[in-house]
Amino acid sequence: MSAFSRVTASRLVRAVDTALRRGTVHVLAYVRSAPGTYVWLGLLLVTTVLMHRMSPEFEEEFLRQRSTNLHELSADPVRVLVSSAFWIDGGSWLPYAVLYTVFHAQAERWLGTLRWLAVAAAAHVLATFISEGALLWGIRHGLAPQSSVNTLDVGVSYALAGVVAVLTYRIAAPWRYVYLAGVLVVYGAPLVTGRTFTDLGHFTSVLIGLACYPLTRHLGPAWNPADTLRRARARTRR
């Protein structure tokens, strides 16, 4: 290798090392700015690893005891409402890492940890009671089987839907209405086509998130995507 090649390779290594160091600093700073989100996400990682080590039969029964179904809610509502928020009903943890980073972390950074947690908890708890109440009504009127009282229902999707909805107020008009329309389509279409109690729960969570508008007041100007795009274009022209 020539002296020129060695110098070029050395500069490339230093550039890569610098980029990695800066990237690590930015990632750590982002994580620290939303501690509640990433503590919750870390706990979900632990429980997901544990769940994947269970046999299918044991896993189903284990999750059922932590499910917010009618049977468990009538027996110990506080326990199952808390425990159900720390388990994922099958699947991979990675999609949740992406969703938490895109939505929960942004909401926590904007609202602050306590207000963000209030929105997530309200959506999780109230949507659970409303959707399970609708299911109970369906059972009593012969629209759902009696076995539905033991339906497996764990996960964090109600809290996520509420947070996704409250972020509507983070965006400046007219982009706010584009975002809101997308949220209503994503969560409203399953309710129209599927009409399950979980579809009702998700859409209810969206309404609860939108109802949390008072928590979003006096938090500074809304984010304008057009301004961000203009700044990005200005930097590329330098």
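**Charges, helices and a buried leucine**

Biologist: Let's start with E72, then: is it buried or exposed?

Modeller: E72 counts as buried because its relative accessibility is 12%, where buried means under 20% relative accessible area, exposed over 50% and partly exposed in between, using a 1.4 Å probe and protein chains only. Before going on, keep in mind that this is a predicted model in which local features need pLDDT of at least 70 and side-chain atom pairs pLDDT 80 or more, while totals for chains, interfaces and linings use all residues. Residues are numbered from 1 along each chain as its sequence is written, and side-chain values use heavy atoms, without hydrogens or water.

Biologist: And which residue does E72 form a salt bridge with?

Modeller: The partner is R79, with 2.9 Å between the closest N and O atoms; a salt bridge here is a side-chain nitrogen of Lys or Arg within 4 Å of a carboxyl oxygen of Asp or Glu. R79 itself is partly exposed, because its relative accessible area is 34%. D76, at 31% relative accessibility, counts as partly exposed.

Biologist: How many salt bridges does the structure hold?

Modeller: There are three, and one of them brings the side chains of R64 and E60 together at 2.6 Å, N to O. Both residues lie in helix α3, which covers residues 56-64, and they are four residues apart, or about one turn of the helix. R64 is partly exposed at 21% relative accessibility, and E60 is partly exposed too, at 42%.

Biologist: Stepping back, what does the secondary structure come to?

Modeller: The protein has eleven helices and zero strands, where helices (H or I, at least four residues) and strands (E, at least two) are DSSP runs numbered from the N terminus. Of the 238 residues, 36% are buried. If you take contacts between residues at least 6 apart in sequence, 78% of them join residues at least 24 apart, a contact being heavy atoms within 4.5 Å.

Biologist: I keep looking at α7. Which of its residues are buried?

Modeller: The buried residues of α7 are W116, V119, A120, A123, H124, A127, T128, S131, E132, L135, G138 and I139. Their cover includes α2, α4, α5, α6, α8 and α10. After α7 comes G142, whose phi is positive, near 75 degrees.

Biologist: What about the loop between α7 and α8, where D153 sits: what does D153 touch?

Modeller: That loop runs between α7 (113-140) and α8 (157-166). Setting aside neighbours within four places in sequence, D153 is in contact with S67, T68, S84, E132, Y158, F197 and T198. E132 is also among the buried residues of α7.
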